Amino acid sequence: MFDTLSDRLSAVFTNLRGKGRLSEADIDATAREIRIALLEADVALPVVRQFIAALKERAGGEEVSKALNPAQQVIKIVDEELVAILGGETRRLQFAKTPPTVIMLAGLQGSGKTTLAGKLAHWLSEQGHTPLLVAADLQRPNAVTQLQVVAERAGVAVYAPQPGNGVGDPVAVSRDSIDFARRAQHDMVIVDTAGRLGIDTEMMAQAAQIRDAVQPDEVLFVVDAMVGQDAVNTAEAFRDGVGFSGVVLTKLDGDARGGAALSVRYVTGQPIMFASNGEKLEDFDVFHPDRMASRILGMGDMLTLIEQAEKTFDQAEAEKMASKLASGNKFTLEDFLDQLQAIRKMGPISNLLGMMPGMGQMKEAMSQVDDRDLDRTSAIIRGMTPAERENPKIINGSRRLRIANGSGVAVSDVNQLVDRFFEARKMMQQMGGAMGLPGMRRKNTKSAKGKKGKKGRSGRGPTQPRMPAGFPGGMGGLPGGFGNLPAQLPPGTKLPDLSKLNLPDE
């Protein structure tokens, strides 16, 4: 969503690099370019004015003039101001002292409230809660049925005593759901209210009545991030008519310019609490202003990437794999297949790569990454016998032809997979030793030169290790492998604060 804004800001920062000092004209030109970038991203004008005023004030002070690298200092200022506009600190849910905690969802029709209700319930279930979805949208056709389907997918209970489609009193349903939740021992109640195609008095009155009936601990305003400036107007109307304590942004995976995300927090004064970026129940997470700012500036989002890996990879399995790599040839293609499947569960490869620092400079290459490469690699491995997966060295020419025919690929693809598997195993073994992974010892690297100072038998230097087939760089991934990745983090990039992670105790 923020690709256009990220590209414009990257171009601005590129022009600053290499300058030992920034003149007042440089600062004015930079502020003008950033102002244009924000306006083109559909950011509200008051937000742009406040942002540029803070930037010029800080950039013109001693903070930049005495910096060893003024360009990096300007990037740091932009990052901090973006974080401030997005809300500063991460806002968490406030729970009731006595269960159940009531969360009311409000917003326009089509903003994704019903789907979000299922995602929020699924997320709360993973946190150890027992949520109850309440079908209080009794006007939109099949809204009750949709919520029941979403609840079934999320594996949570739903309270729907009325059929909907214009039948039933949403205020009474909402009020009765609290007593039902207490009797059924649900500690969380999520009320899905009705929306309209536009803001009207009747809509606000009904939402206010439901609010008064259930006395919610949190009122979340659900806004479609793709509607642009109108999202700000709608948010102001709901703030004045109903009131809300937090904002949820949906459809962040769209191709809109994303100005609503940068505007709604500043205009309404209420924090963005959650973000939804897909159709799956798992495409939902807490909104972190600092991480979103890092993504906009092309610095990546390593903390989110690490957290996703923690959810996918089991610690015991990871240690087992590390010990296999340390022991040499015990890491087999079967283990490799397990790792591929785990990576697929983390989401699209392009999204994962986008969280890595510096990858914003390789958007064209990332657009060529195809998740089907992983599926093709998995098909090749599944076409092998258990003995071949255990010991790939026995895969001769005839076996490779059989595997290729069975998995629907060319023999050259099988050759690449086998060859690169051995290279990857050797590379990971060396990297594990260099990084001090558990069970891996550092090895003394011998000189690449052979006898009499020659470079080895072929007369060539050591080749660059390539990623296995199925990863970017293999079988149609990033062109040229990872050789085009920047050798260091881009200027202004910050290392992730690992202290914010809840890592398991050793």
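Asp179 and Arg182 both sit in helix H8 (residues 170-183), three residues apart, which is about one turn of the helix. Helices here are DSSP runs of H or I with at least four residues, strands are runs of E with at least two, and both are numbered from the N terminus. Asp179 forms a salt bridge with Arg182, with the closest N and O atoms 3.4 Å apart. A salt bridge is a side-chain nitrogen of Lys or Arg within 4 Å of a carboxyl oxygen of Asp or Glu. Asp179 is partly exposed, at 38% relative accessible area. Arg182 is partly exposed too, at 49%. Buried means under 20% relative accessible area, exposed over 50%, and partly exposed in between (1.4 Å probe, protein chains only).

The model is predicted: local features need pLDDT of at least 70, side-chain atom pairs count only at pLDDT 80 or more, and totals for chains, interfaces and linings use all residues. Residues are numbered from 1 along each chain as its sequence is written, and side-chain values use heavy atoms, leaving out hydrogens and water.

Across the whole structure, 12 salt bridges are found. One of them pairs Arg91 with Glu218, the closest N and O atoms being 2.9 Å apart. Arg91 lies in the loop between helix H5 (70-85) and strand S1 (101-106), and Glu218 in strand S5 (residues 218-224), so the pair ties together parts 127 residues apart in sequence. Both Arg91 and Glu218 are buried.

Arg402 forms a salt bridge with Glu388, at 2.8 Å between the closest N and O atoms. This pair links distant parts of the chain, helix H20 (residues 397-407) for Arg402 and helix H19 (residues 386-390) for Glu388, 14 residues apart. Arg402 is partly exposed, at 37% relative accessible area. Glu388 is buried, at 0%.
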